[in-house]
Amino acid sequence: MKQKNVLVAGLLLLLVGTAHAEMSIGLGGETLFVLKADRDLDKTDQERSDDVYDRLRNILNNPRLKASDIQVKALGDYGYKIVANGHLIVPIGVQEAKAHDSTPLALAEQWAVHLRKVMPKLRARPDLFRQKNKYVNKTNKNLKR
C-alpha cells in the first residue's frame, strides 16, 4: 500500500514539475503563437510577450509588409528567430522548443508559416493596439503622460 502511495505521489510531482504556463500571443482575434516555456533566452514569458507586442507594433506599421518578408534566421548557438524585413518578431530558444516537443528550427518554421498567413491581414487593421489587452492598456497609460 505504501509503495502505491509513493508511486502516485511521485507521478503527481512529475506532472506538476513539467507543467508550463501558456501565454497566447494574439492580435485582432488571431492567435499568432503560444509561448509555453516559463523562461527562454534569459527572459520570462511575460517579458518575451511584452517584447513581441512592441516589435509587432513597429512591424505592422509597414504598409508594404508581405508574407514573403517573414523569414526564419539562425540565432547563433541559441536557436532561431523569426524576422520581418530583418526586424525581429520572436526568438525561439531550446527551452521554448522543448515545451512544444519540437526543435527550435521546426518550431520557428511552423510559427513562420502561420505568421505569413495572418500578419499581412493584420497590417491593414489600425485598431489592433486599441483593443482591451492588458499590454495595450499599460502602454496607452504610459502614452497619456
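**Reading helix and strand packing**

Me: In this predicted model, which strands does α2 lie across, and at what angle does α2 run to β7?

Reply: α2 lies across β6 and β7, and the direction of α2 makes about 150° with β7. Another helix, α4, also packs on the sheet, where α4 touches β5, β6 and β7 and runs at about 165° to β5.

Me: How should I read the sheet itself, and what is the order of its strands?

Reply: In general, the strands of a sheet pair through backbone hydrogen bonds, in either a parallel or an antiparallel way. Here the sheet is open and has three strands in the order β5-β6-β7, with antiparallel pairing. Because β5 (70–74) and β7 (87–93) stand at the edges with a single partner strand each, one side of each has no neighbour in the sheet. From one strand to the next, the twist averages 25°.

Me: How many bridges join β6 and β7, and which residue of β7 stands opposite G79?

Reply: Strand β6 (residues 79–84) pairs with β7 in the antiparallel sense over six bridges, and G79 has G93 of β7 opposite.

Me: How do I describe the packing of α2 and α4, and at what angle do their axes cross?

Reply: Two packed helices are described by the angle and the distance between their axes. For α2 (residues 45–60) and α4 (residues 104–123), the axes come within 9 Å and cross at roughly 65°, and the crossing is right-handed. L56, I59 and L60 of α2 make the contact with M119, L122 and R123 of α4, a set that by class has five nonpolar residues, one charged and no polar.

Note on methods:
Residues are numbered from 1 along each chain as its sequence is written. This is a predicted model: local features need pLDDT of at least 70, side-chain atom pairs count only at pLDDT 80 or more; totals for chains, interfaces and linings use all residues. Side-chain values use heavy atoms; hydrogens and water are left out. Axes are lines fitted to C-alpha atoms, for helices over the stretch in contact, and angles run from 0 to 180 degrees between N-to-C directions. Helices (H or I, at least four residues) and strands (E, at least two) are DSSP runs, numbered from the N terminus. A crossing is left-handed if the near helix is turned anticlockwise from the far one by less than a right angle, and right-handed if clockwise. Contact means heavy atoms within 4.5 Å. Ala, Val, Leu, Ile, Met, Phe, Trp, Tyr, Cys and Pro count as nonpolar, Asp, Glu, Lys and Arg as charged, and the others, Gly among them, as polar. Two strands pair if DSSP finds at least two bridges between them.
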